[in-house]
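The entries below follow the order in which I looked things up.

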Amino acid sequence: MAARIDIPLSDVQKALGGSLILDHPPRCSRCGTQPAAYYETHKLRLRIGANKPGLYRQTYRVSRVYYLRLRVCETCYQADFAICPEEFQKDETALGRLARTHSRLFTIGTLIACTGLLLMTNLVPANPELIQIKSIWPYITGFGGAVIIGTWLHQRTRQRRILESLESKWINPALHPRAEARTIVLENEDDATAVVLQIKLYNEDWAAECAAQYNWATVKLGEES
Ligand SMILES: [Zn+2]
């Protein structure tokens, strides 16, 4: 059975620019295992006051980033790397450092490839000083592409190895899915008790103990909710 924790505006406002950390009770919020010294991360935004629809996308009067972090065990933490490595970039763990390295290499590869493509165009004049470097644009673009593909292959290999190691221990990550976070857009900040974040957890006991600790409301959800 799943449960939902409703979190009011005042608690999310305290976490803006930082993290909203749910670390009680000290068990895994997914499988209930102890110890649980890791955190699953969700990058979220507090959104208040929807502006009139813009040309490209919906904008808000207030739109500020914060991170939701929920206590998990090492196994559930590792399982996430195979699904959402981008959520690891803030973590001071081995997998967090690896995620940051991958992210930087993707950026560097893209910049190199774009530089090569730029040299191909007339935006870079074909004067005597530049003609030589302009002529090697396919190699520069190819090198940038190779960095991107190499990084992607390395990431895939690490993800596959983690999944294989979990499978060898008869652990099925799908049995203990990540929490689901839903942001509710308010019209204004007048009511500090208004709910702005709903977190669906599949570990009902953990959700109830956590909500009691922080004085938040919980709602029991049926299988289909
Ligand atoms: Zn766990």
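Before counting any pairing, I noted the rule that two strands pair if DSSP finds at least two bridges between them. With that in hand I looked at S1 and S7, which are joined by 5 bridges and run antiparallel. I also wrote down at the start that this is a predicted model.

**Entry: the chain as a whole**

I listed the secondary structure and found 6 helices and 7 strands, which follow one another from the N terminus as β-α-β-β-β-α-α-α-α-β-β-α-β. Buried residues make up 22% of the 225 residues. Of the contacts in the chain with a separation of 6 or more, 71% are between residues 24 or more positions apart.

**Entry: the four-stranded sheet**

I traced an open sheet of 4 strands in the order S5-S6-S1-S7, with antiparallel pairing. Its edges are strand S5 (180-183) and strand S7 (217-221), each of which pairs on one side only. On average, and ignoring direction, neighbouring strands here are turned by 20 degrees against each other.

I next asked how many bridges hold S1 to S6. Strand S1 (residues 2-8) and strand S6 (residues 195-201) pair over 6 bridges in the antiparallel sense. Within this pairing I located Ala-3 with Leu-201 of S6 as its bridge partner, and Ile-7 with Leu-197 of S6. On the S7 side, I found Asp-6 opposite Ala-217.

Helix H6 (residues 204-214) packs on the sheet, where it touches S1, S6 and S7, and its direction makes about 25 degrees with that of S1.

**Entry: Cys-210**

I looked for the cysteine at position 210 and found Cys-210 in helix H6. Is Cys-210 buried or exposed? The cut-off I needed is that a residue is buried if 20 or more other C-beta atoms lie within 10 Å of its own; Cys-210 has 23 such atoms within 10 Å and is therefore buried. Leaving aside its neighbours within four places in sequence, Cys-210 is in contact with Ile-5, Leu-22, His-24 and Pro-25. For Ile-5, I noted that its C-alpha atom is separated from that of Cys-210 by 8.7 Å, although the two residues are 205 residues apart along the chain.

S2 runs parallel to strand S4 (residues 60-72) and is joined to it by 4 bridges, with Leu-22 opposite Leu-70 of S4.

Which residues are joined by a cis peptide bond with omega about 0 degrees? They are His-24 and Pro-25, and Pro-25 has its place in the loop between S2 and strand S3 (38-50). I found a cis bond from Gln-34 to Pro-35 as well, with omega near -5 degrees; Pro-35 is also found in the loop between S2 and S3.

**Entry: backbone angles**

I flagged these bonds, and the two residues that follow, because most residues other than glycine have a negative phi and most peptide bonds are trans. Trp-170 has a positive phi of about 60 degrees although it is not a glycine; Trp-170 lies in the loop between H5 and S5, and it counts as exposed because it has 6 C-beta neighbours inside 10 Å. Asn-215 likewise has a positive phi of about 60 degrees without being a glycine; Asn-215 sits in the loop between H6 and S7, and its 8 C-beta neighbours inside 10 Å are why it counts as exposed.

**Entry: H2 against H5**

Last, I looked at helix H2 (residues 74-81) and helix H5 (residues 137-168), which pack at an angle of about 140 degrees with their axes 8 Å apart. Their crossing is left-handed. From H2 the contact takes in Thr-75, Gln-78, Ala-79 and Phe-81, and from H5 it takes in Gln-159, Ile-162 and Leu-166. I sorted these residues into 4 nonpolar, 3 polar and no charged.

Key. Residues are numbered from 1 along each chain as its sequence is written. This is a predicted model: local features need pLDDT of at least 70, side-chain atom pairs count only at pLDDT 80 or more; totals for chains, interfaces and linings use all residues. Axes are lines fitted to C-alpha atoms, for helices over the stretch in contact, and angles run from 0 to 180 degrees between N-to-C directions. Helices (H or I, at least four residues) and strands (E, at least two) are DSSP runs, numbered from the N terminus. A crossing is left-handed if the near helix is turned anticlockwise from the far one by less than a right angle, and right-handed if clockwise. Two residues are in contact if their C-beta atoms, placed from the backbone, lie within 7 Å. Ala, Val, Leu, Ile, Met, Phe, Trp, Tyr, Cys and Pro count as nonpolar, Asp, Glu, Lys and Arg as charged, and the others, Gly among them, as polar. A residue is buried if 20 or more other C-beta atoms lie within 10 Å of its own, exposed if 12 or fewer, and partly exposed in between; C-beta atoms are placed from the backbone.
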